[in-house]
Amino acid sequence: MYRLLIADDEALEREGIEWIVNRMMPDTFRIMHAENGRMAIQKAAEFHPHIVMMDVRMPGIQGLDALREIKALNPQVKMVLITAYEYFDYAKQALSLGVQEYLVKPAKRDQIAAVLKRLVDEITEDRRDRNEQLAVRDKFFQLLPLAETELALHLMSDQVNETEVSQLADILKLSVDKGCAIVLAFPDIGDTKKKAYDTVKTYTHDIAKDRCGAVVSSMVHSHMAVFLLVNPHAGVDAVREGAVQLGTKLAEALADQCGITISVGIGSVQSGTAGIRRSYYEAVFASKFDDKWGSLYRFEDLKTAERSGNETEPVNGGGPPEESTYVELAIRQIREEREQNTTNMLDKALAYIRDRFQEEISLEDTAEHVHLNPYYFSKVFKQQTGETFIDYVTRLRIDKAKDLIKNGDLSLKEVCYAVGYKDPNYFSRVFKKVTGVSPSEYRIQLQS
């Protein structure tokens, strides 16, 4: 029910309006009375009415002043001004307050009912709009983590769609004009991956939020990437120092919170998408520079060490290779790991689908089975198979249906249920869309 506040210093007027409302719009309103402006303000603060019907002239606080205070406390309230005085000044002031309706005493019951009906319709529409806006906001905030993961994956890849990068950065309100990468190399941590990922994400966003933007990747094989993204005018030294501080804090947090000792690599500060991606490759190499867990290396320090003849020992036992070799090694390793991971994931997903396509199966279930978010899984699945998830499942079901129809042991309705459909009519439409003929026509063709 809607809450209606009737404010008038004449009890007969209040009771008359209540009688009309209950008669013309039964079971619609819970009605409250106020005999003056002060009481109207108090009742409005207590009951939060959806609609206020206010007399202009009352003892003490006048109607317009009372409406002004009520509106300040409840901006969504609908207001109806009732008066025996038809003065333009009242109407003008009322409009400035947002009063929707203006009734002149004695108002006819059809007029009162029509006004309230319009306002109830407006309230219903307002609620629907707010619910839609909340749903959009909720969906948006659900997509933010996916957008962050997707942007990180673009920056880690050697083949980048610049338009997608720009769109993702806009969604996250970040700039990809300048930044650097931090790579966290993990030992085999098994079941603690989720806790480690959550720890990195929480600490990164808490530490970086006041200084710059930060994007955290998912766990890729044995490492995670954190991209510090800053505006093009940010000082390089400040970004370098921030990266070292964040890398150190993350290593400490993972040790304290998860009992994990990692190695950290930090790439140089670069400009643009291609530069930030290069920083990532540098950070990958720096994170694997030696075989001692717990180290932190900046790629720029490794280059400096090489130029000064420093005898720092890398993993392969020789001096650091040239910068181009660093990047080539990193690219090759990342590509091989990503391809292998994608192949393993896809094989596991396809096996899962083949085992269950005759039952209820969803993209979300399959994505969860291979430990990927549905958005990313859907994209990778289409890239690798050339089909959407739905098209792939549909093809398996229709192929199986054709085999069962050819076998001849089942009725068409039984075939429908056997391949995972619950509605024979829907099954028939899908079958015809895929094969060009209905299931019954297909059976006839086989018999001719």
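Helices (H or I, at least four residues) and strands (E, at least two) are DSSP runs, numbered from the N terminus. This is a predicted model: local features need pLDDT of at least 70, side-chain atom pairs count only at pLDDT 80 or more, and totals for chains, interfaces and linings use all residues. Residues are numbered from 1 along each chain as its sequence is written, and side-chain values use heavy atoms, with hydrogens and water left out.

Q: Where is the place of M156?
A: M156 sits in helix α5.

Q: What makes M156 buried or exposed?
A: Buried means under 20% relative accessible area, exposed over 50%, partly exposed in between (1.4 Å probe, protein chains only). M156 has a relative accessible area of 1%, so M156 is buried.

Q: Why do the side chains of D198 and K194 count as a salt bridge?
A: A salt bridge is a side-chain nitrogen of Lys or Arg within 4 Å of a carboxyl oxygen of Asp or Glu. The D198 and K194 side chains meet at 2.7 Å, N to O, so the pair qualifies. D198 and K194 are separated by about one helical turn because they are 4 residues apart in helix α7 (residues 193-208).

Q: What makes D198 and K194 buried, partly exposed or exposed?
A: D198 has a relative accessible area of 32%, so D198 is partly exposed. K194, at 55%, is exposed.

Q: How do you know that E282 and R278 meet in a salt bridge?
A: Their N to O distance is 3.8 Å. The limit is 4 Å, so the pair counts. Both residues lie in helix α9 (residues 272-287), 4 residues apart, about one turn of the helix. E282 is buried at 1% relative accessible area, whereas R278 is partly exposed at 31%.

Q: What makes a set of residues a nonpolar core?
A: The set holds buried Ala, Val, Leu, Ile, Met, Phe, Trp, Tyr and Cys residues joined through side-chain atoms within 4.5 Å. The largest such core has 43 residues. L151, F227, Y280, I353, F377, F381 and F389 have the most contacts inside this core. Helix α5 (residues 109-156) gives the largest share, 7 residues. Another core, of 28 residues, lies apart; among them are I182, A208, V230 and I262.

Q: Which residues is F377 in contact with, leaving aside its neighbours within four places in sequence?
A: Contact means heavy atoms within 4.5 Å. With those neighbours set aside, F377 touches M345, A349, L363, T366, A367, V370, L372 and F389.

Q: What divides the lining of the largest cavity into nonpolar, polar and charged?
A: Ala, Val, Leu, Ile, Met, Phe, Trp, Tyr, Cys and Pro count as nonpolar, Asp, Glu, Lys and Arg as charged, and the others, Gly among them, as polar. The lining divides into 4 nonpolar, 2 polar and 3 charged residues.
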